[in-house]
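Please take me through this model stop by stop. Tell me what to select next and what I will find there.

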Amino acid sequence: MRKIRTGDEVMVIAGKDKGRRGRVTRVLPERDRIVVENANMVKKHRRANPQANDAGGIIEQEMPLHRSNVAIYNPNTGKPDRVGIRVDDGGRKVRFFKSDNNLID
């Protein structure tokens, strides 16, 4: 089970976008990276392609962050938090916030 999933609200805790919050749009588990909306934006130069009807130019896009540089956002405390995994009474694995033991899912 992954501690951070697509759709979770996370906060960037290291790097040039430290303190920025956003939703996870993609998780790349094979590279231990996470794409967060409006974080780690870079400018990319795209060549025009008339056959595909691409205008080209300079575009901004989100690049992946390492998973160690983000932490899940706890709305109860208003701070980033660590995630734990435990088995509930029904035998399912569930995620919870380490600081206040509230379930995430």
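Select Arg20. In this predicted model, Arg20 is partly exposed, at 39% relative accessibility. Asp17 is buried, with a relative accessible area of 12%. It falls in that class because buried means under 20%.

**Next stop: Glu9 and Arg21**

Move on to Arg21 and show its side chain. Which side chain meets Arg21 in a salt bridge? Select Glu9: the N to O distance is 2.9 Å. Glu9 sits in strand β1, residues 9-12, and Arg21 in strand β2, residues 21-28, so the bridge ties together parts that are twelve residues apart in sequence. Colour both by accessibility. Glu9 is partly exposed, with a relative accessible area of 24%. Arg21 is partly exposed too, at 42%.

**The sheet**

Hide the side chains and switch to cartoon. Strands of a sheet pair through backbone hydrogen bonds, either parallel or antiparallel. Here the pairing is antiparallel. Six strands make up an open sheet, and the order to trace is β6-β3-β2-β1-β7-β8. Look at the two ends. β6 and β8 (79-81) are the edge strands, each with a single partner, so one side of each has no neighbour in the sheet.

Zoom in on β2 and β3. How many bridges join β2 to β3? Four, and the two strands run antiparallel.

**The loop between β2 and β3**

Stay here and select Asp32. Asp32 is placed in the loop between β2 and β3. Check its backbone: phi is positive, about 55°, although Asp32 is not a glycine. Is Asp32 buried, partly exposed or exposed? Partly exposed, at 28% relative accessibility.

The side chains of Asp32 and Arg67 meet in a salt bridge, with 3.3 Å from N to O. Arg67 lies in the loop between β6 (65-66) and β7 (70-74), while Asp32 is in the loop between β2 and β3 (33-36), so this pair ties together parts that are 35 residues apart in sequence. Arg67 counts as partly exposed, at 48% relative accessibility.

How many salt bridges does the model hold by this rule? The count is six.

Jump to Asn38. Asn38 is in the loop between β3 and β4 (41-46). Its phi is near 60°, a positive value in a residue other than glycine. Asn38 is partly exposed, with a relative accessible area of 46%.

**Last stop: Arg95**

Finish in strand β10, residues 93-97, and select Arg95. Arg95 is buried, with a relative accessible area of 1%. What does the side chain of Arg95 reach? Display the backbone of Lys3: the side chain of Arg95 reaches the backbone oxygen of Lys3 at 2.7 Å.

Key
Residues numbered from 1 in each chain as written. Predicted model: local features only at pLDDT ≥ 70, side-chain atom pairs only at ≥ 80, totals over all residues. Heavy atoms only, no water. Salt bridge = Lys/Arg side-chain N within 4 Å of Asp/Glu carboxyl O. Buried < 20%, exposed > 50% of the residue type's maximum accessible area, 1.4 Å probe, protein only. Pairing = 2+ DSSP bridges. Polar contact = N/O pair within 3.5 Å; in protein donor to acceptor, adjacent residues only side chain to side chain.
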